[in-house]
Every structure is written in C-alpha cells, then in structure tokens.
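Please look over the model shown here before reading the points below. They are meant for someone who has not seen it before.

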Amino acid sequence: MLRLAPALAIGVLLAPVACGVLATLLPAFGYLPALGGHQVTGDHFATLFSYPGIGRSAFLSLTTGLVTTAIALAIVVAFVSGWYGTSIFARVQHLISPLLSVPHAAAAFGLALLIAPTGFFFRLISPALTGSSRPPDLFILNDPMGLAMMAGLVAKEIPFLLLVTLAALPQTNARRSGQIAQAAGYGRISGFIFVTWPLVYRQIRLAVFAVIAYATSVVDVAVILGPLTPPPLSVRLTQWMSDPEIAMRFIASAGALLQLLVTVAAILIWMGLEKLAAYVVARQRNAGHRFHREGIARSMGLGVVLGVCAVIFAGLMLLALWSVSGFWAFPDILPRSITLTNWGRVMPSLTSPLATTLSTGAVATLIAVGLALGCLEREARTGRTGGSRALLFVYLPLIVPQVSFVFGLQLFFLAVGLDATWGALVLVHLVFVLPYVFLSLSDPWRAWDPRYASVAFGLGANPNRTFWKVRLPMLLKPALVASAVGFAVSVGQYLPTLLIGGGRWPTITTEAVALASGGNRRIIGVYAFVQMVLPFIGFALATLIPAFLFRNRNDMKATS
Amino acid sequence: MTGLKLEDVVIALKGRELLRLTAQIAPGEILSVMGQSGSGKSSLLAYVGGFLDANFQASGKILLNGEELNNQPAHQRHTGILFQDPLLFPHMSVGENLLFAIPATITGASRRQLAEDSLGQAGLEGFFDRDPATLSGGQKARVALMRVLVSQPRALLLDEPFSKLDAGRRDQIRRFVFEEAKRQDLPILLVTHDRADAEAAGGKIVDLDQ
C-alpha cells in the first residue's frame, strides 16, 4: 500500500493537469465530438481575437503577473536582507504567518472596504482633509490600469514569498556569511544580495514561478478589485466558460490556450530578467561596491511589510464590522448601530455552502495528508528522495494556470459522466491542496532525527509501529499545521469550485465572489468573514490540539 | 557458537573504504572500536543494527549467536542501541518509554511491574509518570539504558553514549552501563573516540586510526 503512495501522488498532481490541458487543446482547435466539433480548425482563435480589447486583456494579465511578482519579491528581499536575525524580524515573522491563511477573496474584499471612495480610509479623512462630506469622485476600485488588483495581489504574495524564503534560509549559512560580508565593509542588504540571495533564490525559484502563474491568471481577486473594461483575460474566460451557449466553449478553450501562452511568456520574460539581474549583481559585486548607505532601503523594506500587515488586518476588521453594522453612512467612521440582523438574514442561505466548504475541504485535506505522509514515509524507508524532479511535479498544478486546465478538466469529467459531482469537486481541490500540504510537511518531516527510528527498530518495533507510535506523534504538530494549510487552500478555491462544481456545489468562496458585483457590503461582510474565519479555526486547532495532548511534555513544546 | 561475530566487514563511502574489521565478541564481553569522526565507526554500528544509510556501501557477514543477520530487517535483529543522546521519546512518559520497549509477549500487569522494577534497578523509583524532559542528563542516560535492556536485546551497540555526560557523572554511568549489560550476558560493541571509554570497558580495543 505504502509502495503506491508516490505513484498515487504523482497521478493526482499530473493526471488532472495533463487531461485538462489536452481537453483544452482539442476544442481550442475545434475538436470536441460531444459538442459537434469534428474538424480541426483555427476559426475559434480568429473569433477569439475578434473580441474587442482581447489584446488589452492579455497584456493586462501579462503585466500584472510580472509587476506584482517583481514588487513583492523586491520588498521581501529588502526586508529579509535588512532585518534577518534581528528581534524585529522574529516579531514580524509571527505577525505575517497567519496572513498566508487568509483566502485571497477575503483579503481583496477587505482591501476594497478600506480603499474604496466610500471606504474606511476616506471616512477617516473626510471631511477634515477632503473638505467634503461626500465620497470623492475617484476611480479607485476596478481602475482600468489594474492598480487596486495589483495592490491586492502584492499584499497576498509578500507573506507567501517571505515564508518560502524563510524556509530556504537555514540551508545557506546566511547569518555567518552576512557577518563576513559586513566585516568586509558591505551593508546588510548588499552583503545579503551578493552572498546569500543567489543560494536562496535557487531554492525558491519554482515558488516564484508559481506566483507569476497565479498573478497572470487570477480570477477571484480580479473580479473583486480588477478592471472591468476590459477585465483581465482570466476573468473574461471564466465568463465564457460559464456561458450556456455551447459555441462559447470552443472560444473559451482557445482563450484558455492563450492564457497558457501568456503565463509561459511571463515566465520566459522573468527568466530573462533573472539573467539580467544576475549580471548586474555580479558586476556590482566584482566591482566591490559596498552600498553601506542603505538606511532608507532598510526602513522601507520594514515599513512596507508592516504596512501590508496593517492593511490586511484592517481589511479583515472592516469585514467583521460590516457584517454586524446597521446604518453606516458616509463619512461616519463607525456604524451608528451594531446588529445581528445581517447574519440572521444570510444564515439560511449560508448553511448549505458552508457544509460543502467544510466537507470538501476536510476530505481533500485528509486524502492529501495521507498521500503526503505516505510519500515521506516511503522516502524514509527506502532512503530515496524524489529530488528536484519530484519538486517539479509538486509545483506543476501551481505553475500551469488554473484557467488553462480546469476548464478542460470540466469537459473531461463531462465526457466520463462525473461532471458536477461532489467526488469530482474533491478531486479537483485535492490537485491544489496536495502541493501545499506536501511543501508544508516535507521540511519538518525530513528534519526529524532518524536516530529515533533506529532506537525504535533496535527495541524491536517494526516500521509501522515506529511510524504510528513514535514518528507521527512526535510530528503531530507539523502534520496538523500542514492539514490546516491544506484546508485553507481548499476553502480559498474559487475557479475550480465554480467550473467543476458546475454551479451545483456552491461554497462560501464562490458565493462571496458572486456577491462582489452586487456591492451589498453587509452580506459580503458576512460571507467574507466566514471565509476568513474557517482557515483561522483550522490553524487554531493545529496549535491547540498538540498543546493539549502534550501539555505535560516539555520537549514537545520546544520542538514546535 | 554464541556472541556477535563480524566477518571481514568493509564499509565504504562513494567508493572510498572507511574501515575493514573482523572480530568476535563473546557474551558479556566488550569490543571497543576507536576512531576519529569520519572514520566510519558509527556506520559500523548502523551496519550491524541494520539501518545503514543508503549512501554507504557495506559488505561482510554479521553473525549473532550463529544466526546470520545480514538479510534481517532492523527490527528483527534485536540489537539494542544507545546513542550519544538518550533519545527518550519526548511525547511519552518515562514509564511509557519502557513499555514501548517491553516485548508484546509479556502481557498484562507484569508489563508495568517490569517497567517499575527496571526503574528501581536504575535508582529511579517512582519515575514512571515523569516527563522525560524533566530528568537530568544522567537520569535520562539511565532510562535509555533500561529501555534497551527491557526490550530483551541479543546484543548491545553503544555509539559514544557517554560523550555528552559531564565528567562527574560520566564514570558512574559508564560503570552502570557496562555492569548491567554484562549481567545480562550481552555481547557489546562500543565505538568511541575517547580512549578513557575504551579502557574503562576493559575489553579488546581496535584502533581504526592505526
């Protein structure tokens, strides 16, 4: 059984992506017998490109991906290089970890409530600074250049990139080489970029690609914060994919292929930028430039990271506040009354999506954790790691844009009669949950002292008993944290739920995003608050359960 | 033929031979293998115990009481091991650590009795429910030894088990380990970089550095 775990895991990661891309490719070129497409043709691309603004949509997706990734990475580098090893750094690290679990849609809604013309920010300064008690006539949300959308994406990418960087740092001797560089007269930042960063970047490169792929093809954040005329490519595709008109499916497929090309182009451009950056850094380093005047860059790195934390937390507070607000006119800073009527009104329609969210998340997470544990235990017993190839499999579903294969997967499920079933929904969630569970679990699992297993074997315990009685209990906390990560990922899934669920399995996330255009802030507040609270409960349990079980075991606290 | 016998054991890493050893250890006898770090002495224990890392290449027969161990999985060899660190399982109480080691053939109330008795033997009466984290280094080392002994091993492998103890405790623990192991008539293979350990063991000494 254990022997099958790696093959099963690779199947879960690879098969849906492969089937999905194939089932996108064929209809894009006109071949989809089930819908009457029998001959290969390029017509659908011609139709696709005849849509007004399609080029602009694609360009918007491309630039969003590159710009947000570059900004987020620059901030992370400035912060980590400037503050690694300080006590402020440790405190910010604790602050930022929970942000990773906040679903994108909830963070985007929170940001919208903060920066909209009628949002909290303008309430604070009106009428004192604006001189008017009416909301300013500004195009802040859904601006045509996508600045609000980019801000939302950057805010969510920073915690992710920061955490993968932190995971990579211990393998680089960062502190000591930093001291050597500083002793040679380099600044903190320049020393870090010259000496440590190349080693870190090599390890986090796939994660960076995943961020680019995500940002070039994101749907939920773009629906909430992004431009409307025209929207980014992925948003238009999602509209076409849900279109009852069957002919639209061919065009949607052609568009999904275009999306894939946009993402590939963005990653290729990024690889060019990598080369350029490496060249520039090497030149500066070899020239011996010390860059010890770095105070501004250091402060900015810290300031922006703290600002991002503050913005996301403030946004989440606003969601909570709106969900219980009564009358709340502009420019009042706080609502005139607090009421539970919003919750009471929404509750009846909220229970069924909530049940779907919980059951899908729980089952997908359970399967993912089982598979990840199976792979890691198999690795421990055989002594063979999958190496960098295995890591590529893990990242595959995160680097191929969702829009480009989930729609094909829907057509595939349709062909085999599994469309819009709960099982298909769990399966598609599993595709995205498994990579994050595996990435979260593998480091602590591999860091476990293997001598404990040697001791157990020497005492006569077989590998299964050693796993269940020694290794798993000792690693219970990382296993539960990985489960919480997986559950959070499942809760946040928008596009796969929408397409594979076929409208029959609405979740908190799909309902919340669907409310975006309606603009009822109280209802949005309720849904987005629930969406944000579910992952939080998961992480709270992952901390509390081991703390309770091992309350009389001091060394179990030290290790976690 | 009783005891532990190593027949032309060779351990290599990436094609480079680390050590070559032929030896026989009778029950109740101690063989001390001395060497610097990197000499392959820990790999020797791992090879005998059946958990050698796949990066190493090893050959040579291991016989325990006449039975060939080479193709047996680690948990069926019953070669108890002590490392530098006591490695008590931190999620179990002291007593549960012992219960984990006691063979399943011993059942019922006698399991707990055996655990309590062995704690008493180590001068640790009443420690059954204690959290291992609250024990001193010397106490942990003694629990680790009792844990190995109650598992009814057929040989004992010692991987510098005294090197992290402070000088005052060291001699006392060392004597305790050797006495208890000899009392059970176990063949003992000790690897260490410390000549004092090897000499205190009182058996044959093989120096890998010479």
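1. In strand E8 of chain B, B:Ile188, B:Leu190 and B:Thr192 point one way and B:Leu189 and B:Val191 the other, and all are buried. E8(B) covers residues 188–192, and five of its five residues are buried. Buried means that 20 or more other C-beta atoms lie within 10 Å of the residue's own, exposed means 12 or fewer, and partly exposed is in between, with C-beta atoms placed from the backbone. Helices (H or I, at least four residues) and strands (E, at least two) are DSSP runs numbered from the N terminus.

2. This is a predicted model, in which local features need pLDDT of at least 70 and side-chain atom pairs count only at pLDDT 80 or more, while totals for chains, interfaces and linings use all residues. Residues are numbered from 1 along each chain as its sequence is written, and chains are lettered from A and ligands numbered from 1 in the order in which they are written.

3. E8(B) has parallel partners. Strand E3 (residues 30–34) of chain B is joined to E8(B) by five bridges, and B:Ile30 has B:Ile188 as its bridge partner. Strand E7 (residues 155–159) of chain B pairs with E8(B) over four bridges, also in the parallel sense; here B:Asp159 stands opposite B:Val191. Between E7(B) and E8(B) the chain passes through helix H6 (residues 167–183) of chain B in a right-handed β-α-β crossover (clockwise from the first strand over the helix to the second, with the strands pointing away from the viewer). Pairing requires that DSSP finds at least two bridges between two strands.

4. Chain B also has an open sheet of four strands, ordered E2-E1-E4-E5 with antiparallel pairing. Strand E2 (16–25) and strand E5 (67–68) of chain B are at the edges with a single partner strand each, so one side of each has no neighbour in the sheet. Strand E4 (residues 56–64) of chain B meets E5(B) in the antiparallel sense over two bridges, and B:Leu64 has B:Glu67 as its bridge partner.

5. The contact between the chains takes 21 residues from chain A and 26 residues from chain B (contact: C-beta atoms, placed from the backbone, within 7 Å). On the side of chain A that touches chain B, helix H18 (451–458), helix H19 (463–474) and helix H24 (554–558) of chain A each supply at least two residues. H18(A) gives the most, with six residues.

How values were computed. Contact = placed C-beta atoms within 7 Å.
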